Amino acid sequence: PQDLEIFRLEVDRAKQRELEQYSQLHQGVSPVSPVPASTASKRPISMRRVITFKQVENKRGVKARLVARGFEDPALRTGSLGVGACMAARLSYLPVLLTAATRGWEVVKMDISGAFLKGDRIARDVYLVPPPEARCASSQVWKANMAVYGLVDAPFEFWRSLDKFLRAHSVWEDQLGWVILNSPDDSCVYRILRTGRECVAPVAVFPTHVDAFVFLGVLHKASP
């Protein structure tokens, strides 16, 4: 049927887009051949596709997320992986939303596309079995550069990268005159304050839910 053929084409394109995100400038993974002898005990982790559909401006969008089967990760035996999801607690939204309502703040939801492929480099050796679409040699595997989707520590590693970027990157103070600090009550809720005015009320607040944010503030006041 024609509809089925269109569906297959959409999925194939989505698979290619995802593959490009993984391999672009070796952002997410680097091909190696084979697993180095010094780490031969780290058996490569297989991967699978998660196909999802969403409506964007009345158009059907297709995602073909490439996900590691994290339960196969040899490091799970050590119990040393950070597995916290690192998201703002549900109760943290109540006072933030109340503040936004009383101050007349704008509320804007945003998220980071391909978030887990934009974090810091992973500190441990993780090897992956590439999908057939990668067209790697049979002797090749992928070495993960980031904590890719599906690894049990991926949400925690992404939050750690995000937290460092928000609190320590010079761009906020140099170009925007901001200081971004964690809320004392919830480390996944961030406050935007003016440089030199850290003791006064924030100009904006945003709780984080892994790679999704809810920005609450007055945009023109948060900007320089």
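Modeller: Contact means heavy atoms within 4.5 Å. With that in hand, this predicted model can be read from its overall fold down to single residues.

Colleague: Among contacts between residues at least 6 apart in sequence, what share joins residues at least 24 apart?

Modeller: In this protein the share is 62%. The chain forms 5 helices and 10 strands, and its C-alpha atoms fill a box of roughly 60 × 50 × 35 Å along the principal axes. Of the 224 residues, 41% are buried.

Colleague: Why does M110 count as partly exposed?

Modeller: The class lies between buried, under 20% relative accessible area, and exposed, over 50%. M110 has a relative accessibility of 34%, so it counts as partly exposed.

Colleague: How many aromatic pairs does the structure hold, and how is one of them to be read?

Modeller: There are 9 aromatic pairs. To classify a pair, one looks at the angle between the ring planes: under 30 degrees counts as stacked. The ring centres of Y22 and W142 are 5.9 Å apart and the planes meet at 20°, so this pair is stacked. It links distant parts of the chain, with Y22 in helix α1 (residues 2-23) and W142 in strand β6 (residues 141-144), 120 residues apart.

Colleague: Are Y22 and W142 buried or exposed?

Modeller: Y22 is buried, because its relative accessible area is 0%. W142 is likewise buried, with a value of 3%.

Colleague: Which residues do ring pairs link into a cluster?

Modeller: The cluster consists of F116, Y149 and F158. Y149 also takes part in an arrangement with a charge: the charged end of R65 sits over its ring, 4.1 Å from the centre.

Colleague: Which residues line the largest cavity?

Modeller: The lining is formed by K42, R43, I45, D73, P74, A75, R124, D125, V126 and Y127. By class, it comprises 5 nonpolar and 5 charged residues, with no polar ones.

Terms used: Residues numbered from 1 in each chain as written. Predicted model: local features only at pLDDT ≥ 70, side-chain atom pairs only at ≥ 80, totals over all residues. Heavy atoms only, no water. 1 Å grid on protein atoms, 1.4 Å probe; cavity = no way out; pocket = protein on both sides within 12 Å on 5 of 7 lines; lining within 4 Å. Nonpolar A, V, L, I, M, F, W, Y, C, P; charged D, E, K, R; others polar. Buried < 20%, exposed > 50% of the residue type's maximum accessible area, 1.4 Å probe, protein only. Phe/Tyr/Trp six-rings, centres within 6.5 Å; stacked < 30°, edge-to-face > 60°. Helix = DSSP H or I, 4+ residues; strand = E, 2+ residues; numbered from the N terminus. Lys NZ or Arg CZ within 6 Å of the ring centre and 35° of its normal.
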